[in-house]
Amino acid sequence: MKNPINLLFTLLLSCLITACSFTQNTPITENQSQLKLQRQNQLKHITAFQVTGSLSYFAEKSRYYGRFYLKQTSYNNYQLKLTTPIGTSIFSLNVTPSYAEYTDNNGKTFHDVNAEQLMKNITGMDMPLKTMTKWLIGYSNDLATDKFDNAGRLLNSKLLQANQTWDVSFNKYNKVRFSGSNIDLPTIIELNNSNNKLRLTISNWKLN
């Protein structure tokens with residue numbers, strides 16, 4: 001006959017293994033799905049905002065680091081400014097759905113209908129600007145394949161743009177006041193593809 005203490009230990013160990021296995025394979029609950037959908041519906045109403053923070057960009061032939069300011073007045077109507085850490089202008093970019101104007105640190109302007117191509121041609125920076133006003137707020141590109149946390153916040157997503165796939169990670173969120181309540185918005189975002197890495201650390205959100 002087995003020692004009672006050994007038998008008890010065996011039973012407890014079996015229960016622990018079963019519990020761990022159950023936790024690892026637990027599907028997304030109905031409540032988590034509802035939180036995810038509720039949050040995405042809230043994000044749809046965010047169309048105008050101001051954001052400040054730091055930006056770092058690394059590519060084979062281009063490297064940038066500085067402070068950025070973004071003011072969006074409506075979807076895909078925005079102004080993006082990048083300065084050095086001490087406040088010296090690097091560039092500003094004014095974008096509408098059909099027009100983009102780039103101004104360098106000497107005040108010289110350049111124009112194109114494609115903001116991404118304009119930025120790449122002048123600075124060498126390859127950024128997914130076309131969808132920036134969505135991924136910046138943590139809006140899901142694909143609810144079925146994107147990854148979310150238990151609060152319905154986006155953790156990982158993929159962007160396919162200009163024949164490039166970007167992996168997007170949302171590493172931190174902070175609460176921001178919006179329409180009489182609080183909403184969590186990203187404060188650390190990383191984007192990577194095979195040739196480029198972009199990291200945004202947001203210090204302040206202001207929703208209009």
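This is a predicted model: local features need pLDDT of at least 70, side-chain atom pairs count only at pLDDT 80 or more; totals for chains, interfaces and linings use all residues.
Colleague: In what order do the 11 strands of the open sheet stand?

Modeller: The sheet is open and its pairing is antiparallel. Strand 6 (109–112) and strand 7 (147–148) stand at the edges, each with a single partner strand, so one side of each has no neighbour in the sheet. Read across the sheet, the order is 6-5-4-3-2-1-11-10-9-8-7.

Colleague: Is T103 buried or exposed?

Modeller: T103 belongs to strand 5 (residues 99–104). Leaving aside residues up to four places away in sequence, T103 touches F91, S92, K108 and T109. Its relative accessible area is 16%. Since the cut-off for burial is under 20%, T103 is therefore buried.

Colleague: Which residue stands opposite T103 in strand 5?

Modeller: Strand 4 (residues 89–96) and strand 5 run antiparallel and are joined by six bridges. Among the residues that T103 touches are F91 and S92. The one that stands opposite T103 is S92.

Colleague: At about what angle does helix 3 run to strand 5?

Modeller: Helix 3 comprises residues 115–123 and lies across strand 2, strand 3, strand 4, strand 5, strand 6 and strand 8 (154–161). Relative to strand 5, helix 3 runs at about 25 degrees.

Colleague: What is the volume of the largest cavity?

Modeller: The structure holds two cavities of 30 Å³ or more. For the second largest cavity, the space amounts to about 30 Å³. The volume of the largest cavity is about 50 Å³.

Colleague: Which element gives the largest share of the lining of the second largest cavity?

Modeller: This cavity is lined by L55, F68, L80, K81, L82, F91 and M125. These divide into six nonpolar, no polar and one charged. The largest share of the lining is three residues, and the element that gives them is strand 3 (residues 77–83).

Colleague: Which residue in the lining of the second largest cavity is the charged one?

Modeller: The lining includes one charged residue. Lys counts as charged, whereas Leu, Phe and Met count as nonpolar. Among the lining residues, the charged one is K81.

Note on methods:
Residues are numbered from 1 along each chain as its sequence is written. Side-chain values use heavy atoms; hydrogens and water are left out. On a 1 Å grid over the protein atoms alone, a cavity is a set of points where a 1.4 Å probe fits but cannot get out, and a pocket is an open set with protein on both sides within 12 Å along at least five of seven lines; lining residues have an atom within 4 Å of a point. Grid points are joined across faces, edges and corners, and a volume is the space filled by probe spheres set on the points. Helices (H or I, at least four residues) and strands (E, at least two) are DSSP runs, numbered from the N terminus. Buried means under 20% relative accessible area, exposed over 50%, partly exposed in between (1.4 Å probe, protein chains only). Contact means heavy atoms within 4.5 Å. Two strands pair if DSSP finds at least two bridges between them. Axes are lines fitted to C-alpha atoms, for helices over the stretch in contact, and angles run from 0 to 180 degrees between N-to-C directions.
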